[in-house]
Amino acid sequence: MMTSEEYELLLTDEVQRAIAACRDRDPLDVALDRTVPHARLVATQVKYLARAASKLPSYAAAQCILPPLAFEQASSEACAAHKRIDGDTALDLTCGLGVDALFLSRRFRHVVTLERSEMLARIAAENFRRLRAANIEVVRTSAEEYLQRPGLRFDWIFADPDRRSADGRKQVRLEACSPDITALMPLIARASGRLCIKNSPLFDVDEALRLFPDSRVEVVSLGDECKEVLVYADGTGPSLTATALGRGSFTAAPGERTAPRETAAPGETEAPGEITPPPAPDNFDPARYRWLVVPDVALQKARLARLHLRGKADIWSENGYGFAAEEPRDVIGKVFAVESIEPYDPRRLKRSLKGLGAELMKRDFPLAAEELARRLGVRAGADVRLAFTKIRNGFWAVRLK
């Protein structure tokens, strides 16, 4: 964590001018340059401002103060801007670097954001000044303390709980994060009827619906990476959405993902409402498929890939590839033309790929891409693109055009 002395130095004109002058330099060169005042501190800011150019472009443009740990834990601006809430007033329970609060301030007249750390609260307030976000009020307190105040009323409450334990381990369960949103629900409900929670990308969508049965749950991905699982607990659900930023969204009622079981298996007791996936296509006929569909990771995470591809492509698993005879349209994901599909035979493949550079993809396949490359004797390259998958009891290699 940044010290008070470092923070005060960062506010000086001398250090700010040095940072501005070194923005295009290698941070290591800056750190070793004896002509730069407080060179190591300047170098750190230069490093993170360069990284912020893509993740936090507004912060980079305003030359904000970027503590390393807070930067790593912050939402990207693309994800922060996507939050589908607006109104007159909002309460952000977990300020941190303040990226979510900044974008809430563009949707709400007034935003109150809470930060337990005195230093982070000071940094956030300074950054909001540089960003000209005058409608954000930073309050140095905890969510637990603030929500005890009488007479609170907000249109929305937002929370991005800290998912690190005291010893630095990652937490996924909502109850293990800080603040514990489940424990605070009576106080949250008193202050607002609407709550938006940003959860880890590892958070299970069905667990979200179990904890908040009438919520809208949204899985958000960016650049083929799952970024967050959002819960909009405002009584307008249940619904489940997979959103790939820049590519599109697909929404369904949770029950649409599956079909009711007609009978339980022999000796099995079926729990009320228990469901099983709808049947996969009967056969896999490699000769008829001309297109491979790679569903976006948001569809995978939300377990909506099969439903999204219904009528567009055959798919045997939520984690697998789709296969189509005709080029599918309006797919959230990537579509590749197929050159050939053959059973996975490493010896045969190794002979045919000798000397080639290959791009290897895999889904529902037991070997990691690195192990596949080793067994096939290929190096990374663009000579050929191959996709590997398992369908029922068979393993397949798909050569793409």
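Modeller: The axes of helix H2 (residues 13–22) and helix H4 (residues 39–55) come within 9 Å and cross at roughly 50 degrees, where axes are lines fitted to C-alpha atoms, for helices over the stretch in contact, and angles run from 0 to 180 degrees between N-to-C directions. Helices here are DSSP runs (H or I, at least four residues), as strands are (E, at least two), numbered from the N terminus. This is a predicted model, in which local features need pLDDT of at least 70 and side-chain atom pairs count only at pLDDT 80 or more, while totals for chains, interfaces and linings use all residues. Residues are numbered from 1 along each chain as its sequence is written, and side-chain values use heavy atoms, with hydrogens and water left out.

Biologist: Why are H2 and H4 called oblique to each other?

Modeller: Angles under 35 degrees count as roughly parallel, over 145 as roughly antiparallel, 65 to 115 as roughly perpendicular and the rest as oblique; the crossing is at roughly 50 degrees, and H2 and H4 are therefore oblique.

Biologist: Which residues of H2 and H4 make the contact?

Modeller: Val15, Ala18, Ile19 and Cys22 of H2 meet Val42, Gln45, Val46 and Leu49 of H4, contact meaning heavy atoms within 4.5 Å.

Biologist: What sets the phi of Asp330 apart?

Modeller: Phi of Asp330 is near 55 degrees, a positive value in a residue other than glycine, and most such residues have a negative phi.
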